[in-house]
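Hi,

Here is the structure I promised to pass on to you. Have a look at it first, and then read my notes below.

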Amino acid sequence: MALAYDDLKLLNAVIDSTPLIDNHAHPLLKPESLNKRPLLSIASEANGAALDDSKTSLAHLRAVKQLATVLGCEQSWEAVAAGVERKRLESRYGWIERCLEGIETILIDDGLDAPEQVEGYAWHNKFTKSKCKRIVRIETVASDILARHFVSSDPITVTDRTVEKFIDYFSEHISQCIADSNVAGFKSIICYRRGLDIPAGAAHIDDVRRDLQDFVDAGLNPNAPVSGFSLNKRLENSYLNHLIVHITAQLIHKAHGHKKPIQFHTGLGDNDITLTKSSPSHLQTFIRTHPTVPIVLLHAGYPWTRETAYLATMYPNVYADIGEVFPSISQQGQEEVLKEMLELCPWSKILCSTDAHSFPEMYLITTAQIRSALKTVLGALVRTQQLDEKQAARLAQDVLFSNSNKLYNLQTESSLASLTELKTVSSTDLSSHLIMQKLRSLNAKYLRIYWHDYTSSAKCRLFPIKQVYKALSSNKPFTLSLAKASFGMTQIDALIPQVTATGMYTVHPDWSSLKPGPVDGQVSCFGYFYELDGSESVLCPRGILRKAVKNAEARGLTFLFGFEVEFVVLERNTDVDSVDKYRTMRTDGHSWSIARSLADWGREGSFSTAVDEIMDSLEAAGIEAEQIHPEAAPGQWELVLAPLPPMEACDSLLHARQILESVAARHGFRVTLHPKPFSWTCGSGSHAHMSISSPGGDQPELYEAFYAGILEHFQAITAFINSNQTSYERMVDSFWAGGRWITWGTQNKELPLRKIEGSHWELKVIDGLANPYFALAALITAGVEGVVKKTPLTWGDCAGDPARYTEVQRKALGIEKMFPGDLREALKALQSDSFGLDPKFVQRYIDIKEAELALLEPMTPEDRRRWMLERY
């Protein structure tokens, strides 16, 4: 039904983009504890045989549909369960990150399960924008105190002094939690343990003493670690239940400054509750008794939603949470709950939660369902003019984010757009508005959408900017349709045998990559390729790198890459009788870093003058160039780019190349990335500087394992970093090109991997014909595998030229293998060792390269050189 209101662009954009503060949830299970709860419980509070029956509930069927869509599998529970297991094995952290997308922070009740079974609350920080905080379950605190201080192998007789000591221990712990900035609030499950009809007065000490004696007499489970979970008698149906709730409220009242809330489970729960005592209306006496204590009624009190709304409306210290009905009841039921809440309750008193527990999939489906219900219910209120669109947008922001942020005093990392900012939004959605604003600020007349294909050819489509604005102002995103054959063609547009002309991709611009250039009046960005069903293509070059980066991030690893772009500047050959279209640039003694090459800077027709425009264009595009200087070969230069995260580094490299090529062409020159344009002098590379930027990255035990992983798979990686037959003309020994032996050395430029300092190493054997997305994906994937497996760096620090060593000398340094001798040999290595890369991607890459070889191998070396110069 949400689609009926898809014209409410502002409202939908706000609902989609506002991060969720999950004010009540539970920890995820540790991998070894996943069998402690059934996955089926993600959409039902039932258990045992009743849980099996849930498979025919509307809530379950909706959850299956949602998860099947994300997993790309059949819409059956068996297929979903298998898909979830596959995701866990592929990348547990990556899957959790996907499931928790859009969550600002989680307030975690960590008292549901035994600590050894679940992840700690702070562990979840990996997946949220702001740090997670604790919700302290007071029954767990009380149980732990009983187990650790009062129940032992030697039974005691409980006296009035024993009761006082219990109260002292409990009060001290709660006071510490009130002072702890990592604790956001408290929770009571008295709804389960005795019912919500809490009397106003304190229990008589005689009653408490008898109950305490019962716990002491029941003892502990000798086979479990000592904690509240090891008590033989559970804290229920006891005067202690009433006592600890009142003590907690009194201590909150007495505390100075911000008052931390108490959450109460109300309504919907498993069959452990007495349903008739779970209505929040029973709490009215307690609410009156503690008027200064913030009280949160969890789970919408379902099925007593109107009672919940009434209490939150009539008492200033009461707030209504709408969690757990997502995802435990049907879509229509969820929308009715939200409608009933808004019938009476001010939206400033409504909070949002997932009540997710154990499994990340619960977060995924719940957050999607919350946003869907908000779109439908608020859309109807706007359509019937009970709210205007800006009011509805503010309501969504408050319920999803602001109300919890204020109540729990969270001081989150994210901030939201103000009403003033919202009023500036046009009839288009928020993101489209910002995109058009950016395009206008760049004075764009045309948009280029780039992609880098499997032959490492830069491809693009050019769009008049009016067409872009027209699409962005409509109800559809601006996208591009391309034939699936785009990733199945050689440089001469010939399809490889494994690909047909059937099928289309949808290309979505990545607006975060938007940059001005490569010419005035034009802007450029890169795209992601998607299947028509909305899933990302496994063959998308940027998607392949994004997957590798996310997998690394899930393991706490981030990187910086900086490229050195070596290129040769050629002149057009004016000799009409020559077969060569280009000739070497005429210079006076051009050589490495020679100042003479800059002498004619400013002269029309000089490449030095073009360099001035190149550097200006790079700066305008926001690409930081650290330096540019002449290199050794005739007309050869090197442009050094600043380090960036992997995707940004590749995008900046490719955009910088477009600027080089475009500016050079306007000045009458031709720039080539050919690895060996002239056999009699040195070639051109695209050296990649790498470093581990995450905490601990400069620790040898981390970065040595990373680079050991790369060296371990270097023969296969060579297929990506030396991706063309001509690449192997550059790869020779004793020529400062990185040599042909698989090893590393500190500040040794004769080796493929040069250690510079700490985790900062340089890969010397990559050239400009490599697709950088593939190359970095391969390096990161292999390196992360090394970190995960703690691969030892068995190669010694080589200080010389391995080609000049004896076999004995090489063996002493662990130098045993050489690079593949040519591309065919490299492809064979990749075929037998894909080191975790997607097999469909690897096979398509091999198929393309074999077709490329079939095209290039019959050519004479000179014909091949000319052919490559025309294209690279």
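This is a predicted model: local features need pLDDT of at least 70, side-chain atom pairs count only at pLDDT 80 or more; totals for chains, interfaces and linings use all residues.

**What I found**

Residues are numbered from 1 along each chain as its sequence is written, and side-chain values use heavy atoms, with hydrogens and water left out.

**Salt bridges**

Which residue does R134 meet in a salt bridge? The partner is D110, at 2.8 Å from N to O. By salt bridge I mean a side-chain nitrogen of Lys or Arg within 4 Å of a carboxyl oxygen of Asp or Glu. R134 belongs to strand β3 (residues 133-137) and D110 to the loop between β2 (103-109) and β3, so the pair ties together parts that are 24 residues apart in sequence. Helices (H or I, at least four residues) and strands (E, at least two) are DSSP runs, numbered from the N terminus. D110 is partly exposed too, at 23% relative accessibility.

K277 and D197 form another salt bridge, with the closest N and O atoms 4.0 Å apart. K277 is in the loop between β5 (262-264) and α10 (284-289), and D197 is in the loop between α7 (190-193) and α8 (205-218), so this pair links parts that are 80 residues apart in sequence. K277 is partly exposed at 32%, and D197 is partly exposed at 34%.

Next, look at E571 and R586, whose side chains meet in a salt bridge of 3.1 Å, N to O. E571 sits in strand β14 (residues 559-572) and R586 in the loop between β15 (582-584) and α20 (607-620), so the two tie together parts that are 15 residues apart in sequence. Here E571 counts as buried, at 11% relative accessibility, whereas R586 is exposed, at 63%. There is also a network: D580, E862, D863, R865 and R866 are joined by salt bridges that share partners. The structure holds 45 salt bridges.

Eight strands make an open sheet with parallel pairing, in the order β1-β2-β3-β4-β5-β6-β7-β8. Two strands pair if DSSP finds at least two bridges between them. The edges are β1 (20-25) and β8 (350-351), each of which pairs on one side only. Inside the sheet, three bridges join β5 to β6 (residues 295-297) in the parallel sense, and F264 has L297 as its bridge partner in β6. Helix α5 (residues 138-150) lies across β3 and β4 (183-188), at about 65 degrees to β3. Such angles run from 0 to 180 degrees between N-to-C directions, with axes fitted to C-alpha atoms, for helices over the stretch in contact. Helix α14 (residues 360-383) also packs on this sheet and touches β1 and β2, where contact means heavy atoms within 4.5 Å.

The other sheet is open as well, with five strands in the order β10-β9-β13-β12-β11 and mixed pairing. Its edge strands are β10 (458-464) and β11 (480-483). Strand β9 (residues 446-452) runs antiparallel to β10, joined by seven bridges; W451 has K459 as its bridge partner in β10. Helix α18 (residues 465-472) packs on the sheet and touches β9, β10 and β12 (504-516).

**Cores and one buried leucine**

How many residues does the largest nonpolar core have? It has 122, and F567, F607, I710, L763 and F841 have the most contacts inside it. A nonpolar core is a set of buried Ala, Val, Leu, Ile, Met, Phe, Trp, Tyr and Cys residues joined through side-chain atoms within 4.5 Å. Helix α25 (residues 772-789) gives the most to this core, with 11 residues. A second, separate core of 86 residues includes V14, A142, L251 and A393.

Finally, find L40 in the loop between β1 and α2 (49-53). L40 is buried, at 8% relative accessibility. Leaving aside neighbours within four places in sequence, L40 touches L51, D52, S54, K55, H60 and W77.

Cheers

Technical notes
Buried means under 20% relative accessible area, exposed over 50%, partly exposed in between (1.4 Å probe, protein chains only).
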